Amino acid sequence: MATTDSTDSKNGKSAERGQGRIDVATAMRRAAGQLAELLQCEPSSVSALKATDDGWTADVEVVEIEKIPDTTSVMASYRVSLDGQGQLLGYERIRRYSRGQVDH
């Protein structure tokens with residue numbers, strides 16, 4: 001008889017195969033990587049990461065328009081939603097700002 005439970009031989013913990021949540025570092029890398037693939041530009045940073053009931057949400061900062069000097073470049077903050085295994089569920093741009101702009 002088949003079962004969905006498996007035992008991790010290193011720590012003896014039982015977990016459902018394919019149903020465990022990815023760790024924080026992996027969630028950060030996947031959020032930035034999948035957004036970069038969609039937008040065709042390299043993310044500057046992940047400014048926020050939060051576990052949710054369904055997986056993860058991350059705020060990823062991206063240079064949208066590069067200018068000289070770089071403090072005048074146009075940045076954007078995207079909210080990225082991932083499921084528990086790190087697959088992209090959706091994203092939205094939540095803010096645009098100049099790189100040199102400071103929040104008050």
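Ala-51 is partly exposed, with a relative accessible area of 44%. Buried means under 20% relative accessible area, exposed over 50%, and partly exposed in between (1.4 Å probe, protein chains only). This is a predicted model, where local features need pLDDT of at least 70, side-chain atom pairs count only at pLDDT 80 or more, and totals for chains, interfaces and linings use all residues. Residues are numbered from 1 along each chain as its sequence is written, and side-chain values use heavy atoms, leaving out hydrogens and water.

Ala-51 is found in strand 3. Strands (E, at least two residues) and helices (H or I, at least four) are DSSP runs, numbered from the N terminus. Not counting residues up to four places away in sequence, Ala-51 touches Arg-21 and Trp-56. Contact here means heavy atoms within 4.5 Å. Ala-51 and Asp-83 are 32 residues apart in sequence. In space, their C-alpha atoms are 9.8 Å apart.

## Two backbone details

Ile-68 and Pro-69 are joined by a cis peptide bond, with omega about 0 degrees. Pro-69 sits in the loop between strand 4 (55-65) and strand 5 (74-83).

Gln-40 is not a glycine, yet it has a positive phi of about 60 degrees. Gln-40 is in the loop between helix 1 (24-39) and strand 3 (43-51). Its relative accessible area is 64%, so Gln-40 is exposed.

## Rings and charges

The structure holds one aromatic pair. Tyr-78 and Tyr-91 form this tilted pair, 6.0 Å centre to centre, with 50 degrees between the planes. Tyr-78 is in strand 5 and Tyr-91 in strand 6 (residues 88-98), so the pair links distant parts of the chain, 13 residues apart. Rings of Phe, Tyr and Trp (its six-membered ring) pair if their centres lie within 6.5 Å; planes under 30 degrees apart count as stacked, over 60 as edge-to-face and the rest as tilted. Tyr-78 counts as buried, at 6% relative accessibility. Tyr-91 is partly exposed, at 38%.

Arg-21 lies over the face of Trp-56, 5.3 Å from the ring centre. Arg-95 lies over the face of Tyr-97, at 4.1 Å from the ring centre. A charge sits over a ring if NZ of Lys or CZ of Arg is within 6 Å of the ring centre and within 35 degrees of the ring normal.

## Salt bridges

The structure holds three salt bridges. Each is a side-chain nitrogen of Lys or Arg within 4 Å of a carboxyl oxygen of Asp or Glu. Arg-79 and Asp-59 meet in one of them (2.7 Å, N to O). This pair links distant parts of the chain: Arg-79 in strand 5 and Asp-59 in strand 4, 20 residues apart. Arg-79 is partly exposed at 32% relative accessibility, while Asp-59 is buried at 14%.

Arg-96 forms a salt bridge with Glu-64, the closest N and O atoms being 2.8 Å apart. Salt bridges that share partners join Glu-64, Arg-93 and Arg-96 into one network. The Arg-93 and Glu-64 side chains meet at 3.1 Å, N to O. Arg-93 lies in strand 6 and Glu-64 in strand 4, so this pair ties together parts 29 residues apart in sequence.

## A buried glutamate

Glu-61 lies in strand 4. Glu-61 is buried yet has no salt bridge. The nearest side chain of opposite charge, Arg-95, is 5.3 Å away. Lys and Arg count as positive, Asp and Glu as negative; His and the chain ends are not counted.

The side chains of Glu-61 and Ser-77 make a polar contact of 3.0 Å. A polar contact is a pair of N or O atoms within 3.5 Å; within protein, one must be able to donate a hydrogen and the other to accept it, and residues adjacent in sequence count only if both atoms are side-chain atoms.
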